[in-house]
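Visitor: Hello! Could you help me learn to read this structure?
Guide: Gladly; let us look at it together.

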Amino acid sequence: MNLTQQARPGAGPSRTALVRAAQRGDERAFRALVADIQQRLWQVARRLAGDDDRAADLVQESLMRAFRALPRLRDPERFMSWLLRILNHVATDTLGARQPESLEDLAEAGIEPMASELEGPEARAEAAGTAEAIDRALAAMPMIYRQPLVLRHVLDLTYDDLAQILDLPLGTVKTRLFRGREMLREHLLREGIRP
Amino acid sequence: MTCDELRLAFHEELGGTPGPGTREHLRTCSLCRAWSASLAAAIRDLETAAIPAMPLDFSRSLAPALVRERRARTAGRWRWVAASLVLLASGAGGWQLGRLLLVRQTEPGPRQARTADILSAPRALPGHADVVPASLGR
């Protein structure tokens with residue numbers, strides 16, 4: 001994903017033009033901007049949060065913070081990267097303090113606990129689908145590993161983009177990403193998703 | 001290339017083309033082959049697994065909620081500006097009024113003026129001799 005590109009090419013004014021208009025107080029541009037970015041933001045938030053309610057809170061709080069600060073955004077070209085940065089700050093503030101989820105937490109949230117830990121190996125084969133297993137794997141890892149993993153593999157961002165959004169040196173980004181991938185792999189193996 | 005080096009290189013090359021060193025190591029090391037296959041599969045799962053769609057009611061209510069919040073903040077800001085202006089205006093008005101009252105209080109009356117004039121009148125300035133009362137003399 002190119003962070004400066006228009007989300008729907010040919011579908012109206014560019015994102016940058018919308019940002020500039022919204023900065024001047026144009027309400028229609030503001031609405032169009034929300035419509036333009038909300039799906040991408042939702043995808044990241046949903047993967048980071050692990051459930052709809054928390055993802056919705058994350059998206060709404062991020063957009064509120066972003067639009068309060070919008071008049072002060074100096075480079076409208078970097079709007080998406082700036083917004084993702086805010087989203088990650090909000091995620092760290094609201095979700096980051098939580099310990100990786102326990103089986104009880106997952107059960108309370110309506111997410112099936114890992115079959116491998118509750119039942120026999122037969123149940124592994126019947127574990128919920130891959131998407132749910134991914135949610136559980138992400139919920140089980142600390143936020144500092146979850147963020148680069150989601151940004152890299154859900155939004156297809158470059159390492160440089162990640163470093164900028166997460167405000168980390170490139171080396172740290174790579175280390176966290178590699179560690180996150182390893183945690184994901186191990187979790188899916190434990191759940192029997194991968195042989 | 002050692003197994004540790006392979007793992008680092010594999011992470012770097014994931015999604016791209018594996019280098020000749022990586023290919024060579026994977027050809028000869030079954031452990032790393034199994035590891036790299038499961039890692040690549042896990043990442044493929046993450047990239048392709050469906051993400052639940054944004055709930056329709058949330059999607060519909062998001063922009064209006066943000067617009068409402070923005071309007072409320074703008075209105076709040078204008079209320080602050082208006083209140084500040086009122087305060088400023090009443091402050092300035094009060095200051096003017098106070099100044100006026102003070103001036104009136106300290107302004108000398110006709111009798112005071114006479115005494116003051118007399119006391120402060122130059123005694124020996126040339127050209128003013130005629131205004132110095134005789135009673136005060138020289």
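Visitor: How much area do chain A and chain B bury between them?
Guide: The size of an interface is often given as the accessible area lost when the parts come together. Here, chain A and chain B bury about 3,400 Å², with 64% of it on carbon and sulfur atoms; buried area is the accessible area (1.4 Å probe) that two parts lose on being put together, summed over both. This is a predicted model, where local features need pLDDT of at least 70, side-chain atom pairs count only at pLDDT 80 or more, and totals for chains, interfaces and linings use all residues. Residues are numbered from 1 along each chain as its sequence is written, chains are lettered from A and ligands numbered from 1 in the order in which they are written, and side-chain values use heavy atoms, leaving out hydrogens and water.

Visitor: How many residues of each chain are in contact?
Guide: Counting heavy atoms within 4.5 Å as contact, 39 residues of chain A touch 32 residues of chain B.

Visitor: How many salt bridges are there between chain A and chain B?
Guide: A salt bridge is a side-chain nitrogen of Lys or Arg within 4 Å of a carboxyl oxygen of Asp or Glu. The count between chain A and chain B is 2. One pairs Arg68(A) with Glu69(B), at 3.1 Å from N to O.
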